[in-house]
Each structure stands twice: as structure tokens, then as C-alpha cells.
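Please keep the sequence and the structure in view while reading.

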Amino acid sequence: MPNETMAGTDREVLDSFDLLLYRWNLLTDQISWSDSENSVMRASGLTTAATGADLNQMREDGKARTEWALFAAAGDSNRFMFSMPSGPVSVSWFDDQMHRSDINGVPHVTGMIQRVSDARHLRGGVGDAVQHREGRAMLVDHLRNASSEDDRAYLLFGVDSLRDLNRALGPDVTDEIVAEVDLRVAALRGATTLYARVGSGKFALADVGSGSQALAVLARKVMDRVGRTEIRTSSGPVTVSVSAGICHAQRGSRLPRDPFSNALIAYDEARIGRIEGLRFSRQDNASVNLRERYVSGARLVMDAIADGRMAVALQPIVRADQPNTVSFQECLARIIDASGDPVPAASFMPAIEHLGLVRQVDREVLRLALDLLETNTSQRLSVNLSPQSMNDSEWLSILETRMERSADIGDRLIFEVTESSAMLDPSRTLAFMNRVRGYGCAFALDDFGAGYTSFRHFRDFRFDAVKIDGSFVSGIAQSDDNQLLLRTLVSIAQHFSMFTVAEFVEAPEDAELLRSLGVDCLQGYLYGVPALPEAQKPLARLRA
């Protein structure tokens, strides 16, 4: 119990265990601390907090903390995880264990704050209190027990590219990352929100009362909390991101039979081809069978590869100052269906991504691109490269074997890498890029501006080109904000001597503005849709 006359020995004991005790008078709002010089007091920045209002303003969970304290009955207990900045890109975590009691008839909260120096050593946390299956059931029960007059939502978060993190950094470091993300998500739950860890690298909130806009804000808040500060691990600092899927039952509507599965489907869709994706589940019968369609879609792709029915469509990238001059073409995966028509990647890539089969597609696209470069010595192509393929020895063997046969191909080949791929393991990415550059190949940073690349790494990678994310390009002539952002991105690229490509160019006025801003190349439907090259059209006719 906090008191004004705590002995020096007691202070030393509390300090040695990184513990801080307090008593919060709910009538006067005054807080008394066990020791104003305590190490936790200093590390958490709580030295200026004399009232509950002071403390709550310093913490993102302040509102939820106060609501619990005011409505809890004597004898109730709760715990909150919160963080405080400990450096420009780092945070320290604290475990606040609260107990509601009456002291001489006056309502109080007595509490103990403990610094959590290593997330792996935390035991009994909110996410650790239940097994994954029990956690899922607890959240669903929370929503089922809520009134249909309230909005109910199941928010599912998952660490992006967790499998690749595990391969690159090892299971021990990945466990440290997951434990820290666990803490960060749990810290943002509200008074009417339950939290549980529901799978390997997956975390969920069950929320009652929030509308769709508030849910989107909450999801983005979680994404920001996870992705804006580095995670300190035993192997050094790491930056990760999370994507989210939300199953939302509006007030007056029925809660889906399995909110977790609906949220999982939305999560799978959200993370295809991006980082920090967010999607609400579709409230229709088709979404229930989406996972089965993933399996059938993946089988379709694997059969197409086995039967030689994979193809690439080419989309031109033109010079901004000479729109009739094609600088290079991007290869986009296609399947030739039974009628001889090309099936766009959006119809099958979600299944491939979801089931972890993207390597097979990347290998086949690389083979097809190399074939085109061998048969047309004036052609220059770009090929998308997934993070999985940067660690794929077979993919690298295909490239190196062909380079030994046709050494000039490398000078006409560009590999497009997303920011999220490059940042998974910067040192390994750089080693891979240097090895491939030895054959004359170039690298382009795809979706530039959409992620959070460290500019130290950006400098070290020395990409040859950057492709500015289409979300900044589409409709830019009418957006002053996007014009400002694009000027900044172009300036950064020029500083590092990289040529720039603007994606999703569809309107002449956008193209003219992009030229005036100094963009080097343009890509979009204004200059050409993806189409099968002549060399692959006989394949389509043959399959008809």
C-alpha cells in the first residue's frame, strides 16, 4: 500500500523489482505514489501525475481505465498494458494491475505498475490468459451476448509476412516480435472491448457499440501503434506491420454464425499484395465459401503450370517526355483458361498468396520473361519479385542458369521489390540484390511512398528506379495534397539518382501534371492495358 512513510529498505525492494505502488481516491481524484523517486516513476514519465486525470491524459487507454474504475464493484480487479516513449523510435512497456476497494467507506483503486523489460518474460497477460481456441470462443460469446441494438464487431489483426520473418530471423526472434505485438494490440482495447490472442501471430478484439467509421479508426490506430516504432529484439531492432480484417454486424442485424471466419476471410483479402491492408467482410453467402474457393483456385494455378498454360501479359511503361516511346514493359502473370482467354492475376493470386504457393508462380513468370528476352533482343522487361522468392534457391538457379547461356539478358531485366519485402531482412535483401546485380539486372522499389522504409536502408539498397504508388497518382491533378507528396517523393528519388515511374496513370491531365513534376516514366491504362505478347498468343489459340 502506498504511504508517506515508506522505509528506505522497502523503497529499495520495490525499485529492484521495477515496481511502483499507488492509491487512487475516486472521490477526490488524487493519486498518492509509493515513491516519487522510483525508477518506474521516472521511466514512465509519471512524476507529473498527481491525479487520475493527469495519468489518463498521458495514456492512450486512459478513457477505458477510468470507465472501469468508476463502474467496477469493490473487490474487482483488472490489468492494463500501456507504453511510454523511451527514445525517438522505441517504447517501454508497463503492466498496470488495478484493484477496486473501499477504504474507510471511500472508493479507491489500489494499483501496482511494473515495468516489462522484455515482452517474452511477461506471464499472465491478457493474451496469455487463454489458449487460442478458448480466446476465439470468448470473443464470439462476448458479441453473441451483446444486444442486437448495438453494433458488434470482430477485429482480427495479423503480423504481415510472419512466415518470412521466421525464416529470416529465426523462431526465437519471431516469438519476441509476436509477444511485443501482443502487448501493443492489447493496450488499445476499450472498456466495451475484449481482447485475446487467437492464433500464431494473430490477435483479435471483440467490440460492442462502435460504428464502421470508428472501427476503421480503431484498426488504423492499432496499425500505427505496431508499425510506427521499432521492436527491440535480441537480434536488434525490427519494424513490422499488421493487416486487419473486420466482421461488422450493424445494429439491428444478425451476427454471422462464425464472426472469426468472416474476419479471417476479410484479413486474407486485405493483405494480398500490400502491407497494412484493412478490409471489412462482405455480408453475403459467397464469402462463407471463400476459403474453399482459395483451394480450388490454387489447384487451377498449379494445373496451369503443369500443363504449360501460364503466360505473362505485358503493360508498357512510357517515357514521360516522349509518350510514344516505350521504356520497358512489366510482366503480369496470367492463366490461359479452357476457352483460350487469359485470366487476370486478381482471379487467382489471392489463392496463391493465401496458401503460400507464390514461389511456383514467380518461377514460371521468370522463365517466361527470360524466354521473351532471348527471342527479342530489343525488349526490356520488369518482373515482380515476392519476398518468398528472394529466399528461393530454385528461383535463383533458374536465373543464373539462363544468365550463363545468355549473358546480355541481365542488362534488360528489372526486378520490382515492394518496401515490405525489402524491409523484412535488410541485410539479406541487400546480399541478394548484390548477387543478382552481378548479372547486370536492375531493381525497382515498387509502391514507393506506401510503406515506411528507413532512409538509411533506402540509401544502402540504391534502387535503380522507384515506382510511385498509384494511390498518390490517380486523380492527382485535382489533389493538392497528393501533388505535395509526389513532389517530395520525386525529390527523394532524384537525390539518390533513381528514375521515377508513376503508376495508375489514366487521365491526360494527370499525365501532364506528372511530367511537370519531373516524373521520368508513366504507366497506366492511358498508355496501354496489359496484353499477351505475340509469342504467347499461339498458346492461347491452341488452348481454345
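A residue is called buried when its relative accessible area is under 20%, exposed when that area is over 50%, and partly exposed in between, using a 1.4 Å probe and protein chains only. By that cut-off leucine 314, at 6% relative accessibility, counts as buried.

This is a predicted model, in which local features need pLDDT of at least 70 and side-chain atom pairs count only at pLDDT 80 or more, while totals for chains, interfaces and linings use all residues. Residues are numbered from 1 along each chain as its sequence is written, and side-chain values use heavy atoms, with hydrogens and water left out.

**Residues and their partners along the chain**

Helices (H or I, at least four residues) and strands (E, at least two) are DSSP runs numbered from the N terminus. On this basis leucine 314 belongs to strand β13, residues 310-319. Its C-alpha atom is separated by 9.1 Å from that of alanine 333, a residue 19 positions away along the chain. Leucine 396 lies in helix α14, residues 393-405, and counts as buried at 12% relative accessibility. Glutamate 364, in helix α13, also counts as buried, with a relative accessibility of 14%.

| Residue pair | Separation along the chain | C-alpha separation |
|---|---|---|
| leucine 314 and alanine 333 | 19 residues | 9.1 Å |
| leucine 396 and phenylalanine 432 | 36 residues | 9.4 Å |
| glutamate 364 and alanine 311 | 53 residues | 8.5 Å |

**Aromatic rings**

Rings of Phe, Tyr and Trp (its six-membered ring) pair if their centres lie within 6.5 Å, and planes under 30 degrees apart count as stacked, over 60 as edge-to-face and the rest as tilted. By this rule the count comes to 8 aromatic pairs. One of them joins phenylalanine 432 and phenylalanine 443, whose centres are 6.3 Å apart with 75° between the planes, an edge-to-face arrangement. This pair links distant parts of the chain, since phenylalanine 432 lies in helix α16 (residues 426-437) and phenylalanine 443 in strand β18 (residues 442-448), 11 residues apart. Both phenylalanine 432 and phenylalanine 443 are buried. For phenylalanine 461 and phenylalanine 463, the ring centres are 5.6 Å apart and the planes stand at 65°, so this pair is edge-to-face. Phenylalanine 461 is buried, as is phenylalanine 463. Ring pairs also connect Trp395, Phe415, Phe432 and Phe443 into a cluster.

A charge is said to sit over a ring if NZ of Lys or CZ of Arg is within 6 Å of the ring centre and within 35 degrees of the ring normal. The charged end of arginine 136 meets this description over the ring of phenylalanine 260, at 5.1 Å from its centre.

**Helices and their packing**

The expected span of a helix is 1.5 Å times one less than its number of residues. For helix α7 (residues 171-186), the 16 residues should span 22 Å, and the end C-alpha atoms are 22 Å apart, which agrees. Helix α13 is mostly covered, with 13 of its 18 residues buried.

Axes are lines fitted to C-alpha atoms, for helices over the stretch in contact, and angles run from 0 to 180 degrees between N-to-C directions. Angles under 35 degrees count as roughly parallel, over 145 as roughly antiparallel, 65 to 115 as roughly perpendicular and the rest as oblique. The axes of α7 and helix α8 (residues 212-227) come within 9 Å and cross at roughly 140°, which makes α7 oblique to α8. Helices α14 and α16 pack at an angle of about 20° with their axes 11 Å apart, so α14 is roughly parallel to α16.

**Backbone angles in two loops**

Most residues other than glycine have a negative phi. Aspartate 29, which is not a glycine, has a positive phi of about 70°. Aspartate 29 is found in the loop between β1 (19-25) and β2 (31-33), and is partly exposed with a relative accessible area of 24%. Serine 497 likewise has a positive phi, near 60°. Serine 497 lies in the loop between α19 (480-495) and β20 (499-502), and at 67% relative accessibility counts as exposed.
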